[in-house]
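Here are my notes on the structure, written for someone opening it for the first time. Keep the view open and follow the points in order.

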Amino acid sequence: MNVHLKVQSHHLERGAYLYIRQSSMRQVVENVESARRQYALRGRAVALGWRDEQIIVIDNDQGESGASAVWREGFQRLVSDVGMGHAGIVMGLEVSRLARNNADWQRLLEICALADTLILDEDGVYDPASFNDRLLLGLKGTMSEAELHVIKARLRGGILNKVRRGEFRCLLPTGLVYDHSGNVALDPDMQVRETIVHFFETFSRVGSASQTVKVFRNEGLLFPSRLHNSETVFRPLTASTAVRALSNPRYAGAYTYGRRQFRRTIDGKKTLRARDIDDWPACMPDAHPGYISWERHQENLKILKANGRGFEAARASIPREGPALLQGRAVCGQCGNHLRVRYAARRGRQEAWYICNRDHIYRGEPMCQSIAGPPVDEAIGMLIAEQMTPAAVELALDVRKEIQARHEEADRLRCRAIERAQTEADLAQRRFMLVDPNNRLVADTLEGEWNEKLRILANAREERERGREHDQFILDKAVHERLVAMTADFNELWKDPDTPSRERKRLLAHIIEDVTLLKLPAEGTTKLHVRFKGGKIQTLTTMNPKSSAQQIKTKPNIVELIDKLLDDYIYPEIAEILNEQGHRPGGTARRGCHDARFTPLKVAYLIHEYKLQSRYDRLRQRGMLTRQEAAVHLNISEQTVARWAKYGLIARHAYNGHYSLYEIPDGDLPQKQCSRWNQLQDRAAARQQTQTEPRTSTGEERGVV
Ligand SMILES: [Zn+2]
């Protein structure tokens, strides 16, 4: 069919859309010939009768792949313009330029057919409304999609083959380079190498990425980082760099490919998702030299994972500053979660508690367990001290060696920094010397550069001096002495309040895997199942500390004593006797109450609380009468009873500070009498005499008989 027959006047009234695209930015830059051909289609449109100003060029999809239309703005615009009937013809170099995806392509065809829009490529003009053309275009679309797939499969297959042999070259992390024969080798730069070795050693020692970052900062060390132009710069270590380096298997000498998977999201954004190690296309341990072993790398990954799991899952956290010895190593004996540590100030002291409250916090369930730290820590401390003395000497020596080695390593790294700065300063100096002195502009710049390098050199030297002094001080003064003490006596170091809790816990970590705590409230004890590193298990039992109420409870022997004293004394007398005998009430255990004494009120309270028989009841049981009863019994008035008691004719026993009960003698009752010549006090004295005399005489008589 003649091309000109397809192009009708109503097509010419509408615009001609020229769609230009290159798949990648590299093609945009390098494949200019193709772009020129695409722009040349413009001439074809003019030849077909479109005016120049009617031609609309859509080229804002440059650098985007044709595999989907979703994220291609230009294609979206093209489709919408066609749909609105603005387009008389759509032009593309090949059909594949328009869409590599058959669904997108068919939709465009459909819309073009409805809107009566023509399609033009290098081969000719098509009318999507005509069945033949539509069939051809559909075929072309399918071919185009298939072509893309074949190209991809071929390229990818080649890459994957190389990957399987471990020959595909990927970007290497800082510290590894390709040598001239294309093999992976350690970076020839000594400073880079030593810093990375130091980095992995530090992580092994402190057990966390962020702690490693802190150590680097405190030691004033920088971490190498390779820029895109393969220049290496030294920068402060960050946590993300540390984690990235720790999780990169290439440092362990393993060739890996496809650790992450590239995906497009529904809105066209690119995302990377980590794959499981089993899904990696290639993973070959010991493929090239590395900084750590493959086993060490796996161990590091495990540590990172455990550190990052946070609150929800059970975890063994790294030693921190707090005094609770079993932080991160205590397991709940009830539910198996790791116990958390809480610190609280009680009676002026900071005390640790091991608590299990995850279910309590998340699901409102009752608190699982809460165990006081001090008895547990004490028991563990004693266990460590008694069990580990010979091993501890070894350990202490190791620690000492390690600290020395660490300081030497840090110093060596600082020396490398100085060497590097020196080299760069020399270079700058040479450049400055070589420049023509008349060329002031260049000379000034080079001089500035030289000065800058000299300043960096001076800084590096200063840094080294400062670091060395600091290390020297630590090693010489505190650490040295303490380590000597440690080798001599592990116990001393363990109990030394100056030993940081963190170090103590690190020592503990060498010995103990974990401890399962189970509180038995009924027995007032806690069971400690200690699991040692070697797998040995030992069970300890500690007493639970008394509650506040229990601590201020009066001792049982004092209550017994009060019970006994009640037979003969009233409250104020009892209080006085207790105080004289040196007894103190239970409340003295309270802060600021250590000099409290027994008072009548306190005695009364104890008698009430312990339900001791009252003194009144005791006296009544012994047959004592009230004043009224005594008056009736003796047939005298109450006043006379009181007077007789006062002068000792009858016995009187106080049951509190004000009232008494009266003891009536069995026989020989005093006679009621009133006489001026025989007064009451004389009778009482006479009676006293007669009462004592016969009693002794009867005793003598009995002795004779
Ligand atoms: Zn629990």
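1. Start with Phe-223: its bridge partner in β9 is Arg-235. This is a predicted model. Strand β8 (residues 222–226) runs antiparallel to β9, and the two pair over 5 bridges. They make a hairpin, with 5 residues between the strands. In the turn, Ser-230 has a positive phi of about 60°.

2. Step back to helix α10, residues 209–219. Its buried residues are Ala-209, Thr-212, Val-213, Phe-216 and Glu-219. Looking down the axis of α10, these fall within an arc of 135°, so they line one face of the helix. The face of α10 turned away from the buried side carries Arg-217 and Asn-218, which are exposed. Just after the helix, Gly-220 takes a positive phi of about 70°.

3. Helix α11 (residues 239–247) can be read in a similar way. Its buried residues are Ala-242, Ala-245 and Leu-246. They cover an arc of only 100° around the axis, which puts them on the same side of α11. Ser-240 and Arg-244 are exposed on the other side. What covers the buried residues of α11? The cover includes α9 (190–206), α10 and α12 (294–308).

4. Now the cores. The largest nonpolar core has 31 residues. Those with the most contacts inside it are Tyr-17, Leu-18, Tyr-19, Leu-78, Ile-89, Val-90 and Met-91. Helices and strands both contribute: the elements giving two or more residues are β1 (15–19), α4 (32–48), α5 (73–83), β3 (87–91), α7 (102–115), β4 (118–121) and β5 (124–126). Which element gives the most? That is α7, with 5 residues.

5. Leaving out residues up to four places away in sequence, Met-91 touches Ala-16, Tyr-17, Leu-18, Tyr-19, Leu-41, Ala-45 and Leu-120. Another core, of 25 residues, lies apart from the largest one. Among its members are Val-192, Ile-196, Phe-200 and Phe-216.

6. Next, look at Arg-416 in helix α15, residues 389–434. Is Arg-416 buried, exposed or something in between? It has 19 C-beta neighbours inside 10 Å, so Arg-416 counts as partly exposed. In sequence, Arg-416 and Met-190 are 226 residues apart, yet their C-alpha atoms are 7.5 Å apart in space. Arg-416 touches Met-190, Gln-191 and Glu-194, not counting residues up to four places away in sequence.

7. On to an open sheet. It has 3 strands in the order β15-β16-β17, with antiparallel pairing. β15 (340–346) and β17 (369–372) stand at the edges with a single partner strand each, so one side of each has no neighbour in the sheet. From one strand to the next, the twist averages 30°. β15 pairs with β16 (residues 349–356) over 7 bridges. In that pairing, Ala-344 stands opposite Glu-351 of β16.

8. How do helices α21 (residues 571–580) and α22 (residues 600–609) meet? Their axes come within 8 Å and cross at roughly 100°. The two helices are therefore roughly perpendicular to each other. On the α21 side, the contact is made by Tyr-571, Pro-572, Ile-574 and Ala-575. On the α22 side, Pro-600, Lys-602, Val-603 and Ala-604 take part.

9. Arg-652 has Tyr-662 of β22 as its bridge partner.

10. Finally, the whole chain. It has 26 helices and 22 strands. Of its 705 residues, 24% are buried. Among contacts with a separation of 6 or more, 60% join residues 24 or more positions apart.

Conventions: Residues are numbered from 1 along each chain as its sequence is written. This is a predicted model: local features need pLDDT of at least 70, side-chain atom pairs count only at pLDDT 80 or more; totals for chains, interfaces and linings use all residues. A nonpolar core is a set of buried Ala, Val, Leu, Ile, Met, Phe, Trp, Tyr and Cys residues joined through C-beta atoms within 7 Å. A residue is buried if 20 or more other C-beta atoms lie within 10 Å of its own, exposed if 12 or fewer, and partly exposed in between; C-beta atoms are placed from the backbone. Helices (H or I, at least four residues) and strands (E, at least two) are DSSP runs, numbered from the N terminus. Two residues are in contact if their C-beta atoms, placed from the backbone, lie within 7 Å. The arc is that of the directions from the helix axis to the C-beta atoms. Two strands pair if DSSP finds at least two bridges between them. Axes are lines fitted to C-alpha atoms, for helices over the stretch in contact, and angles run from 0 to 180 degrees between N-to-C directions. Angles under 35 degrees count as roughly parallel, over 145 as roughly antiparallel, 65 to 115 as roughly perpendicular and the rest as oblique.
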